[in-house]
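Please keep the sequence and the three-dimensional view at hand while reading the points below.

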Amino acid sequence: MPSDWAFVSVDMELTNRCNTDCLMCPREAITRPEGLMSECVFKAVSEKLIGEGSLITFSGMGDPLSHQNVFEWIYDIRDKGVDVGIVINPASLNKEISQKLVEFGPNSITLSFPSLQKSVFEKLCPKVSYDDAFKRTLELIDLARGNVGLRVTGIITGINTGEQEEYVSFWKERGVGSGMTVCHGRGGNLRVPGVYELQSFGLESGICSLFQFHTFVTWEGEVLACCHDLAGATRIGSLANDDVSVIAERKRKVLKNSMPFPVCGQCDEPLRQCQFPQGLLPEGRKERNRFFSSVREKCSQAGDWEQGE
């Protein structure tokens, strides 16, 4: 059981490198160092998170499947009895990688498939062939069925605002859970007229509920306010060097006041406005799953953060 709400869920960024250059990902704005997580950093960070019983997700500003140790590290975390998920895009898949991903068995796979409309998909992901991505996605679905939990997520932008119902129905027919999230500005870093327009979610509120129960760790082991800090300006500490209790206490101090970071004043991430449950921390997997189900429900009620099942 985590010792603090901040470590219920943790995103571990294996790398912040990615070759797909999607429109909804402002890679050109990244000024913090680029690189790959080292074995030393992984060991230091994962040991602490395993001790906490955190839900660990390989996710961040890069492609986790491009890290040479990704499968070994999935196995390592699972072998120690802790849940691990991974967020991927179909451009990184082929038959061999998909088979290995299922074989090494993360608890969950979240596959980003922005749109079922070919013209929209290839506008959002200009370096990725829709046909190839679709084929690779179906191959992974077949391999994962009955072996690994898999969910497909799309994105609602200015060029596919009415796609949600068709999207969810399509994947449901194939036995896959799915949903679509609203495109947001990545802490004010995204500038794509026609595809994304600045929303009004919490820009002046000084509140970020996501910060309360979720922690982001960079490939260097640094803890930032969230992954949308592309400059590394919101450093809270280093999970490679600091104890979990130190990071948790620093986050609690931040939460006592309005979010102090400039990037937060430009963030229209809908999750920041959701009111998350208070009280006892989730003791195990079942309790944590119930917690996240309640989060999903509250966020849907608060503003259509995600539509799907």
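## Briefing on the predicted model

The buried residues of α2 pack against α1 (39–52), β2, β3 and α3. The structure is a predicted model.

**Helix α2**

- Five residues of α2 are buried, namely Val-70, Phe-71, Trp-73, Ile-74 and Ile-77. Viewed down the axis of α2, these buried residues fall within an arc of 165°, so they line one face of the helix.
- Gly-81 follows α2 and has a positive phi, near 85°.

**Helix α3**

- In helix α3 (residues 95–104), the buried residues are Ile-97, Ser-98, Leu-101 and Val-102. They lie on the same side of α3, because the arc they cover around the axis is only 130°.
- Lys-95, Glu-96 and Glu-103 are exposed on the other side of α3.
- The cover over the buried residues of α3 includes α2 (70–79), β3 (84–88), β4 (108–112) and α5 (130–144).
- At the start of α3, Asn-94 brings a side-chain oxygen to within 3.0 Å of the backbone nitrogen of Glu-96.
- Just after α3, Gly-105 adopts a positive phi of about 65°.

**Strand β1**

- From strand β1 (residues 9–12), Ser-9 and Asp-11 point one way, while Val-10 and Met-12 point the other way; all are buried. In a regular strand, side chains alternate between the two faces of the sheet.
- Strand β1 pairs with strand β2 (residues 55–58) in the parallel sense, over four bridges. Within this pairing, Ser-9 stands opposite Leu-55 in β2.

**Aromatic residues**

- Eleven aromatic pairs are found in a search of the whole structure. One of them is tilted: the rings of Phe-113 and Phe-121 have centres 4.8 Å apart and planes at 40°.
- Phe-113 is buried, with a relative accessible area of 0%, and Phe-121 also counts as buried, at 1% relative accessibility.
- Phe-113 forms an edge-to-face aromatic pair with Trp-171, at 5.8 Å centre to centre and with 70° between the planes. Phe-113 lies in the loop between β4 and α4 (118–124) and Trp-171 in helix α6 (residues 164–173), so the pair ties together parts that are 58 residues apart in sequence.
- Trp-171 is buried as well, its relative accessible area being 0%.
- A cluster linked by ring pairs consists of Phe-113, Phe-121, Tyr-130, Phe-134, Tyr-167, Phe-170 and Trp-171.
- Arg-174 lies over the face of Phe-170, a member of this cluster, at 3.6 Å from the ring centre.
- Elsewhere, Lys-251 lies over the face of Phe-211, at 4.3 Å from the ring centre.

**Ser-115 in the loop between β4 and α4**

- Ser-115 is found in the loop between β4 and α4 and is buried, with a relative accessible area of 0%.
- The side chain of Ser-115 makes a polar contact of 2.7 Å with the side chain of Glu-163. A polar atom of the Ser-115 side chain also lies 3.0 Å from the backbone nitrogen of Gln-117.
- Leaving out residues up to four places away in sequence, Ser-115 touches Val-120, Phe-121, Tyr-130, Asn-160, Glu-163 and Tyr-167. Of these, Phe-121, Tyr-130 and Tyr-167 belong to the aromatic cluster.
- Ser-115 and Cys-125 are ten residues apart along the chain, and their C-alpha atoms are separated by 9.9 Å.

**Asp-4 before strand β1**

- Asp-4 lies in the segment before β1. With a relative accessible area of 11%, Asp-4 is buried, because the term applies under 20% relative accessible area.
- The side chains of Asp-4 and Arg-252 are joined by a polar contact of 2.2 Å.
- Apart from neighbours within four places in sequence, Asp-4 is in contact with Glu-52, Ala-248, Arg-252 and Leu-281.

Terms used. Residues numbered from 1 in each chain as written. Predicted model: local features only at pLDDT ≥ 70, side-chain atom pairs only at ≥ 80, totals over all residues. Heavy atoms only, no water. Buried < 20%, exposed > 50% of the residue type's maximum accessible area, 1.4 Å probe, protein only. Helix = DSSP H or I, 4+ residues; strand = E, 2+ residues; numbered from the N terminus. Arc of directions from axis to C-beta. Contact = heavy atoms within 4.5 Å. Polar contact = N/O pair within 3.5 Å; in protein donor to acceptor, adjacent residues only side chain to side chain. Phe/Tyr/Trp six-rings, centres within 6.5 Å; stacked < 30°, edge-to-face > 60°. Lys NZ or Arg CZ within 6 Å of the ring centre and 35° of its normal. Pairing = 2+ DSSP bridges.
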